Amino acid sequence: MEMKHLIFFKTVAELEHMTKAAEQLAVAQPFISKTITELETELGVPLFDHVGRRIRLNEYGRRFYRHVQTVFFELTDARRELNDLAKKQENSVSIITNASLYMSGLLSQFKKQVPDIDFHQTSAKRDQLIKQFCAGEADFAICAPPLPENDTINTIDLIQETCPIIYPPGHWLDKKNTIALHELENEDFITALPGYGIRELADRFFASTNIHPRIIVETSDTSSIPSYIKNGFGIAFSPLSALLKDPLYQNGYLRYIEVSEPPCITTIGLSWKKDRYLTRADKQFLNFTSEYFASMDPRSFE
């Protein structure tokens, strides 16, 4: 079995189309077909089923594809490790998150401390985040609630803090010192789309009290939530540290109240794959992020 067999198989498996695979690899289609046949002969099983003019991975093919993916992940890590050892450090870090409220502060401080390291951050719903992270499309995941640690993933808790309710001045909540969540069942709520961090938390809080709030705005831009609140559309949950740094709160356009029952607490976690080689840039980001959140006292922003 040669490397070309794995490269050709991986491409055909992902495209499930011989002609497109040939175009992508810039080789003749008969050559690809011959190479796949050689691979199947060596393995002793067919890897594809033919459905009309198209092909589909069969059960043998799907299982073999998982192993081939691992081979290419290992080769990528080997290249990164060797480059790092040869002082050809990869000065970049990629992060995927569903907790974007925390990211601007973290990344701005990281860039100030380590200006020679580039970063790329994307936001995604939790299910998509897990899929992309496990496929190796990001070095780190910053997630709320944290991804569970298992045989393939390392996860550390970065911060645990309260999630009060934010509301505009003049709201009836001004007359309360604290609030029980069931008292807000008839209120209009602003929140993120399902799968984003603050929505995951809100859904969990509501479920624990068995109430069904009126959600009138769902947005993928969590930074816009305070603006909706300021303009009187409703109320929302917000991690305390994010709220206290928000200019609308600092300028008196927002207020907040703690929820007494149930305890509304959020935990943010940082995850990376256990089998992944960490470059110096990765280690710097990991250490910086841990220290950044460890030193964070939400009430110090007031």
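Which residues of the largest nonpolar core touch the most other members? In this predicted model, local features need pLDDT of at least 70 and side-chain atom pairs count only at pLDDT 80 or more, while totals for chains, interfaces and linings use all residues. Residues are numbered from 1 along each chain as its sequence is written, and side-chain values use heavy atoms, with hydrogens and water left out.

The residues in question are I165, L181, L184 and F237, out of 34 in the largest nonpolar core. A nonpolar core here is a set of buried Ala, Val, Leu, Ile, Met, Phe, Trp, Tyr and Cys residues joined through side-chain atoms within 4.5 Å; buried means under 20% relative accessible area, exposed over 50%, and partly exposed in between, with a 1.4 Å probe and protein chains only. Several elements each supply at least two residues of this core, including β7 (165–167), β9 (188–192), α7 (197–209) and β12 (255–261). Helices (H or I, at least four residues) and strands (E, at least two) are DSSP runs, numbered from the N terminus. The largest share of the core, 5 residues, comes from α7. As for F237, its contacts (heavy atoms within 4.5 Å) include I165, L181, F189, A202 and V259, leaving aside residues up to four places away in sequence. Apart from this core lies another, of 26 residues, with V114, A144, L278 and Y292 among them.

Next comes the sheet. Its 5 strands make an open sheet with mixed pairing, in the order β4-β3-β5-β13-β6; two strands pair if DSSP finds at least two bridges between them. β4 (118–123) and β6 stand at the edges with a single partner strand each, so one side of each has no neighbour in the sheet. Strand β13 (residues 265–273) is mostly covered, with 8 of its 9 residues buried. On one side, β13 pairs with β5 (residues 140–143) in the antiparallel sense over 3 bridges; here G269 is the bridge partner of C143, and I142 stands opposite L270. β13 also runs antiparallel to β6 (residues 153–162), joined to it by 9 bridges, with T162 opposite I265.

Elsewhere, two helices cross. The axes of α2 (residues 18–25) and α3 (residues 29–43) come within 9 Å and cross at roughly 105°; axes are lines fitted to C-alpha atoms, for helices over the stretch in contact, and angles run from 0 to 180 degrees between N-to-C directions. At the contact, M18, T19, A21, A22 and L25 in α2 meet Q29, I32, S33 and I36 in α3.
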